[in-house]
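Subject: Structure handover

Hi,

Here is the structure I promised to pass on, with my notes below it.

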Amino acid sequence: HINLLFTRSFMIMLLSFIAIQLNLCFSNIPSSLTTINVNGHFSFTNNEFAAKDYGNQYQFLPLAVLHPKSVSDIAKTVRHVWELGPSSELTVAARGHGHSIQGQAQAHHGVVINMESLKSPKMHFHLGDGLPFVDVSGGELWINILHESLKYGLTPKSWTDYLHLSVGGTLSNAGISGQAFRHGPQISNVHQLEVVTGKGEVVTCSEQQNADLFSGVLGGLGQYGIITRAKISLEPASQMVKWIRVVYSDFSTFTRDQEHLISSENTFDYIEGLVLVNRTGVLNNWRSSFNPKYDEQASRFRSEGRTLFCLELAKYFNPDNIVETNEEIESLLSELKYIPSTLFMTQVTYVEFLDRVHTAEIKLQEKGLWDVPHPWLNLLVPRSKIHKFADEVFGNILVDTSNGPVLVYPVNKSKWSNMTSAVLPEEDIFYLVAFLSQANPLSTGKDGLEHILSLNKRILDFCEEAQLGVKQYLAHYATQDEWRAHFGQRWETFQRRKMAYDPLAILAPGHRIFQKGV
Ligand code: FAD
């Protein structure tokens, strides 16, 4: 009995000792961070925003948030963590606009760098000899780049569907939208980067200079460095956009037309597609955003519970060439086999078109529907397997309803560099299939998080079993083995670069690819 009492007291003492040490360890870290001489500042309280993202499923509170004013603030902080060595568990995550889905920009008990407060370099346009480009901070939002570029009559070439995202955030993934078939993703439209590596070094890189780091960082999930600055390619901007939607009831005809359009020289400027799962009267819902002259047409069309496929197209133009633009559109549409009564066309400004999701965001914000869980699933499906994929997924798995938009559109792999870290399917053409679900946080039914996650899992399991060669985009895995399988043959390069640029695995811990100290 005495022995038992002794052991128990000993255990209590030991645990208290460990707790005190841990406490000391954590309380020392903030004080060690305060010794770094930064132009910006660290915050150690009220950091809840850095434990949130658009996905609304993961919440990891950091120990501190750095609000940098200069690149050297970031470099000094990373160098400090590097110098603490492998025994410290401190990690660093750059946070762009926090629109990740699964905690990718979070750092549990680590340091989050609030990239939006980095305002240098001031956006600078290079218009002289050669092709125009803009020099921007890695924390800059694409919407701001759009507005500033238009003052010079210029625009970036490749976009995401939503522009309130940061340069560093999208370049760490790829940045894919309806322009990618022609210009490639955003990572194909960058001339140069400035990066703070996991050792706290500031390195300028491009295809000509430190090319290995440049390629690695593009699509590199923030694993090799923090992008502090980027030179982004520009082209002359148009003022207006003809925005068109046509509907198909047959998936093969829909994809045949999409592939025809992305393979032609003379084509639209933007090509995407949507799956409309079993929604009656869907066309009526579009009336608000489309020309009222289509009202009657819309009211005549009935989807009758069928799954339909909507091709979404845009043609950019300036008012002085409206006649030629209309002729061109007519000619392009005449080659397509959509249901004739489902042609919807409207005309908006270039900014209205590119910033279209923000308009939807404002409406959802008003209804409290923007900050709900978003269990998104994004897949890259090889062209030869898209029909098998669609038969099962749209024919069997997603039959009742979708819990948000489902995008399906092809892109040309030739527009992607095969040197970057982005992981792609093997074929020359592949489809982006995006299940952009939103969950009702109060529901345990078909619109609840659990149900949507189980549908996502069914889709992934099917892709695996049928060996479709599908790759996840904006992927998230729990184990390194799964990441290894995701990268396939590219894993060795990915790992080699990690050892070269962030050997202590300090950066971007939210992806759970490498673990510090392991
Ligand atoms: P964050 O969520 O802040 O960060 C994402 C990752 O990048 C993290 O790992 C973070 O550590 C890292 N990171 C952030 N900044 C830097 C930096 N400066 N240097 C290095 N690493 C950094 N994607 C598309 O491709 N096409 C789309 O059409 C598209 N539409 C979207 C629409 C919405 C409404 C949302 C919410 C997302 C969409 N996305 C799309 C996904 C989006 O591109 C990614 O989630 C992107 O990472 C978000 O950018 P962010 O600035 O919010 O990044």
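Helices (H or I, at least four residues) and strands (E, at least two) are DSSP runs, numbered from the N terminus. On that basis the protein has 16 helices and 18 strands. Please keep in mind that this is a predicted model: local features need pLDDT of at least 70, side-chain atom pairs count only at pLDDT 80 or more, and totals for chains, interfaces and linings use all residues. Residues are numbered from 1 along each chain as its sequence is written.

**Overall picture**

A residue is called buried if 20 or more other C-beta atoms lie within 10 Å of its own, exposed if 12 or fewer, and partly exposed in between, with C-beta atoms placed from the backbone. Of the 518 residues of the protein, 41% count as buried. Two residues are in contact if their C-beta atoms, again placed from the backbone, lie within 7 Å. Among the contacts in the protein with a separation of 6 or more, 73% come from residues 24 or more positions apart.

The protein is divided into domain 1 (2–111), domain 2 (124–237 + 504–511) and domain 3 (240–473); such bounds come from an automatic or database domain assignment. Domain 1 puts 21 residues into its contact with domain 2, which in turn puts in 23 residues. On the domain 1 side, the elements that give two or more residues are α2 (71–84) and β3, and α2 gives the most, with 7 residues. By class, this side of domain 1 has 12 nonpolar, 8 polar and 1 charged. Here Ala, Val, Leu, Ile, Met, Phe, Trp, Tyr, Cys and Pro count as nonpolar, Asp, Glu, Lys and Arg as charged, and the others, Gly among them, as polar.

**The ligand**

Which residues are closest to the ligand? They are Gly96, His99, Gly168, Gly169 and Gly222, out of 37 residues that surround the ligand; a residue is near a molecule or strand if its C-beta atom, placed from the backbone, lies within 6 Å of it. The elements that give two or more residues to this shell are β3 (92–95), α4 (167–171) and β10 (225–236). The shell is made up of 15 nonpolar, 19 polar and 3 charged residues. Domain 1 and domain 2 both give residues to the shell, so the ligand lies between them.

**Helix α2**

The 14 residues of α2 should span 20 Å at 1.5 Å a residue, and the end C-alpha atoms are 20 Å apart, which agrees; the expected span is 1.5 Å times one less than the number of residues. The buried residues of α2 are Val71, Asp73, Ile74, Thr77, Val78, Val81 and Trp82. Seen down the axis of α2, these buried residues fall within an arc of 170°, so they line one face of the helix; the arc is that of the directions from the helix axis to the C-beta atoms. They pack against β2 (64–67), β3, β4, β8 (190–197), β9 and β10. After α2 comes Gly85, with a positive phi near 80°.

**Backbone details to check**

Most residues other than glycine have a negative phi, and most peptide bonds are trans. These are the exceptions I noted:

- Ser120 and Pro121 are joined by a cis peptide bond, with omega about 5°. Pro121 lies in the loop between β4 (111–114) and β5 (124–126).
- Asn210, not a glycine, has a positive phi of about 45°. Asn210 sits in the loop between β9 (202–206) and α6 (211–217) and counts as partly exposed because it has 18 C-beta neighbours inside 10 Å.
- Ala508 also has a positive phi, near 45°. Ala508 is in the segment after α16 (491–501) and counts as buried, with 27 C-beta neighbours inside 10 Å.

**Two loop residues**

Glu265 is in the loop between α7 (251–263) and β12 (270–276). With 5 C-beta neighbours inside 10 Å, Glu265 counts as exposed. Glu265 and Arg182 are 83 residues apart in sequence and 9.0 Å apart in space, C-alpha to C-alpha.

Lys385 is in the loop between β15 (377–382) and α13 (386–397). Leaving aside neighbours within four places in sequence, Lys385 is in contact with Leu468 and Gly469.

Best wishes
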